[in-house]
Amino acid sequence: LSVYVMPVPGSGIVAVSGKLKGGESCASAEKTLVPELLGSMLNKGSRSMSKEALADILETMGTTIDPY
């Protein structure tokens, strides 16, 4: 896990970016498709929320999810 924090002096804003190791290099031999499946699901929404609704909520929070 890598977390980068960048305060913006005088604005009351702090930018935070994080990255997690993942992908095929972290998958076990029995679960080789899990990283690909999770990556493809990140932009699909959920049972109760479309991907557009989820993106709107994340945008109001000033954040995004990018599987790449």
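Me: What percentage of the 68 residues of the protein chain count as buried?

Reply: Buried means under 20% relative accessible area, exposed means over 50%, and partly exposed lies in between, with a 1.4 Å probe and protein chains only. In this protein chain of 68 residues, 1% count as buried. The accessible surface of the chain comes to about 6200 Å², and 60% of that belongs to carbon and sulfur atoms; such areas come from the Shrake-Rupley method with a 1.4 Å probe, and for residues only the protein chains shown count as cover.

Me: What should I know about the origin of the model and its numbering?

Reply: This is a predicted model, in which local features need pLDDT of at least 70 and side-chain atom pairs count only at pLDDT 80 or more, while totals for chains, interfaces and linings use all residues. Residues are numbered from 1 along each chain as its sequence is written, and side-chain values use heavy atoms, with hydrogens and water left out.

Me: Where is confidence lowest, and where is it highest?

Reply: The term pLDDT is the predictor's confidence in each residue, from 0 to 100. The protein chain averages 77, and 87% of the residues score at least 70. Confidence is lowest in helix α1 (residues 34-41), with a mean of 74, and highest in helix α2 (residues 51-60), at 83.

Me: Which pattern does the protein chain follow along the sequence?

Reply: Helices (H or I, at least four residues) and strands (E, at least two) are DSSP runs, numbered from the N terminus. Here the pattern reads β-β-α-α, from two strands and two helices.

Me: Which residues make the nonpolar surface patch?

Reply: Patches are made of residues with over 30% relative accessible area and no salt bridge; like charges are joined within 9 Å, and nonpolar side chains (Val, Leu, Ile, Met, Phe, Trp, Tyr) within 5 Å. A salt bridge is a side-chain nitrogen of Lys or Arg within 4 Å of a carboxyl oxygen of Asp or Glu. In this case Val-3, Val-5, Val-14 and Val-16 form a nonpolar patch of about 370 Å². The elements giving two or more residues to that patch are β1 (2-8) and β2 (13-19).

Me: Which residues does Met-49 touch, not counting those up to four places away in sequence?

Reply: Contact means heavy atoms within 4.5 Å. Met-49, in the loop between α1 and α2, touches Leu-54 and Ile-57 under that exclusion. Met-49 counts as partly exposed because its relative accessibility is 27%.
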